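The following exercises concern one protein structure. Each consists of a task and a solution that goes step by step.

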Amino acid sequence: MYDREIESSRCISRLRSFFVFSNRFGSPSSLFSMPSGFKLGSWNWNMFPIYNLSSEVGNLFNLRHLNLKGTEIRKLPKSIGKTSQLTNPEPLPNLSEETSERNHESTKLKLQVLSSVKVNDNAMRCVKNLTQLTCLGIEKTKEVDERAWCSSIEKLQHLCHLGIKASSDEEVLRLEALSLPPPQLRRLHLIGKLDKVPHWFRSLNNLRALYLSWSRLAENPLFYIRSLPNLQRLTLVNAYTGDCFYIPKGFLTLKSLILHNFPSLNEMVIEKRGTQGILNLWLFNCMALKTLPHGIEHLTNLQQINLKNVVGIRAP
């Protein structure tokens, strides 16, 4: 749809969702006119090549969902602070220092979901003002200060879902400055290298799902999380570099255990007590593993075991 077509469509006052698509041919537009008179609840600019968002967005009082993925937008207009119904702009553009300094009005939004965002120090200081967030997914840039972004995360007391991704495979996620994680945290995704298991893992009392990817830890992370009272799903992707993986007792609520891409793993041992609740066990791309886990008979409630690319396994 072209500008002139949208102009002629302004009489469609009952429109609730507006989608703009682009084939990415041609140069990006500096500004795209906002159709007026609409009571939009959802506005999707996915992959549309624009640099600026019209200030008219502030007139969309019913707007709840704003998608700016793939655009060239780097800052939001101050008028967006008027859209008090907006709860899940997913995802927002890469936040920059300019966004943080000039768009404090946007911190008044009752944002609940903020995902797929690259952040620097200034952006993280802005994020901490979004105190209604329940879901946060961020990719840190290399220059982000550990204390700054850990301090910002601590302010998000309503956070239930947290995802943090390193800027590269070799960058270390440094999270030790986080003294107390958000108390309501239920899902945690960490993607990136870890020097050690964060000490605050033991305090994740409401956590139901933990996903560690490319952590490449030298120590077994299970000793830090086995006593978590509500953990039900544990996914580890290249999270441990040892050749023997020990599953200790204490996992009273764990239902699903997924191990993926453990290239050095050649032995697994399951403790007798405290693992009876496991229903599903997945072993993927563990090419050095030669036998089924020792103690697998202790998983008395096991319903499914899924093996993929574990060609060396034979019955013990």
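**Exercise 1. Describe the protein as a whole.**

Solution. Step 1: among the contacts (heavy atoms within 4.5 Å) with a separation of 6 or more, 45% join residues 24 or more positions apart. Step 2: the model is predicted, with local features needing pLDDT of at least 70 and side-chain atom pairs counting only at pLDDT 80 or more, while totals for chains, interfaces and linings use all residues. Residues are numbered from 1 along each chain as its sequence is written, and side-chain values use heavy atoms, with hydrogens and water left out. Step 3: the protein has five helices and 16 strands; these are DSSP runs numbered from the N terminus, helices being H or I of at least four residues and strands E of at least two. Step 4: of the 316 residues, 47% count as buried (under 20% relative accessible area, with exposed over 50% and partly exposed in between; 1.4 Å probe, protein chains only).

**Exercise 2. Determine how Asn 220 is held by its surroundings.**

Solution. Step 1: locate Asn 220 in the loop between β10 (209-213) and α5 (222-225). Step 2: Asn 220 is buried, because its relative accessibility is 7%. Step 3: look for polar contacts (pairs of N or O atoms within 3.5 Å; within protein, one must be able to donate a hydrogen and the other to accept it, and residues adjacent in sequence count only if both atoms are side-chain atoms). A polar atom of the Asn 220 side chain lies 2.9 Å from the backbone nitrogen of Leu 222, and one lies 2.8 Å from the backbone oxygen of Tyr 246. Step 4: beyond its neighbours within four places in sequence, Asn 220 is in contact with Tyr 240, Phe 245 and Tyr 246.

**Exercise 3. Find the residues that touch the most other members of the largest nonpolar core.**

Solution. Step 1: a nonpolar core is a set of buried Ala, Val, Leu, Ile, Met, Phe, Trp, Tyr and Cys residues joined through side-chain atoms within 4.5 Å. Step 2: the largest one has 61 residues, and Leu 188, Phe 201 and Phe 245 touch the most other members. Step 3: not counting residues up to four places away in sequence, the residues that Leu 188 touches include Leu 162, Trp 200 and Tyr 211.

**Exercise 4. Is Thr 300 buried or exposed?**

Solution. Step 1: Thr 300 is in the loop between β15 (280-284) and β16 (304-308). Step 2: its relative accessible area is 57%, so Thr 300 is exposed. Step 3: Thr 300 and Gln 276 are 24 residues apart in sequence and 5.6 Å apart in space, C-alpha to C-alpha.
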